[in-house]
Amino acid sequence: MELGTIVTRLASGAGVTLSLTLAGCALATVLALLAGTARMSRHRSVRWFAVSYIEVARGASAYVQLFWLFFVLPLMGLRLTSFQAAALTLGLVSGAYGAEIVRGALQTVPKGQIEAAIALNLPPFKRFWRIILPQAFVATLPPMSNLYVQTLKATALASLVGLQDMTYIAQTLRAAMRGNSLPIYSVLLVAYLALALLIVAGMRGLERLARRRLGMGPVRA
């Protein structure tokens with residue numbers, strides 16, 4: 001099989017891989033913000049709920065979670081497509097790790113600014129939305145960039161439930177070429193690397209924009 005054919009076939013799965021990455025990262029971002037904020041709540045029940053989610057999602061294997069969502073939920077009357085199950089798994093796992101990133105970023109906001117906002121009699125929601133969150137958002141960007149790259153790499157798990165992403169197509173090509181893995185997985189490696197670099201570049205651009213809007217210094221090299 002020619003190299004051009006391999007590239008073309010893998011490119012047909014790149015859209016699925018990218019869509020799955022975007023869906024997983026979007027869900028992870030929402031869950032990270034909610035759980036990370038809840039971890040710092042004054043209410044014990046809210047903190048307990050957040051900690052329970054984080055520990056379960058981080059402690060259980062992503063492989064097992066994917067299979068549970070795809071094969072066990074239908075026994076309870078809820079059937080997910082392979083894409084939905086994979087995106088939900090990625091979002092749950094990455095969101096749990098992202099929650100700790102958000103919590104750490106919230107703690108980096110200088111207490112003096114929070115105390116000044118209290119002195120100005122700003123309501124709690126406005127303090128969080130206007131003062132705490134913008135600064136914490138900038139602090140989350142570098143580690144979240146790494147988390148999104150990890151989410152991209154974890155999309156390969158989706159091939160286990162039949163989703164035709166790049167890894168799934170690579171496996172079918174390998175079978176067709178009777179185990180000749182070198183050209184297939186070499187192209188696959190480059191494809192994942194290119195997508196990872198795209199994510200990193202996009203996040204660094206977003207960080208520059210956010211720091212400029214908040215009047216912070218430039219991004220460190």
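**Aromatic pairs and a buried threonine**

Three aromatic pairs are present in the structure. In one of them, the ring centres of phenylalanine 67 and phenylalanine 71 lie 5.2 Å apart. Their planes meet at 50 degrees, so this pair is tilted. The angle falls between the limits of 30 degrees for stacked and 60 degrees for edge-to-face. The model is a predicted one.

Both residues belong to helix H3, which spans residues 62–72. Phenylalanine 67 and phenylalanine 71 are four residues apart there, and are therefore separated by about one helical turn. Phenylalanine 67 has a relative accessible area of 24%. For phenylalanine 71 the value is 43%.

Threonine 89 is located in helix H4, residues 82–107. Its relative accessibility is 3%. Threonine 89 therefore counts as buried, the cut-off being under 20%. With neighbours within four places in sequence set aside, threonine 89 is in contact with Ala62, Gln65, Leu66 and Leu69.

Technical notes
Residues are numbered from 1 along each chain as its sequence is written. This is a predicted model: local features need pLDDT of at least 70, side-chain atom pairs count only at pLDDT 80 or more; totals for chains, interfaces and linings use all residues. Side-chain values use heavy atoms; hydrogens and water are left out. Rings of Phe, Tyr and Trp (its six-membered ring) pair if their centres lie within 6.5 Å; planes under 30 degrees apart count as stacked, over 60 as edge-to-face and the rest as tilted. Helices (H or I, at least four residues) and strands (E, at least two) are DSSP runs, numbered from the N terminus. Buried means under 20% relative accessible area, exposed over 50%, partly exposed in between (1.4 Å probe, protein chains only). Contact means heavy atoms within 4.5 Å.
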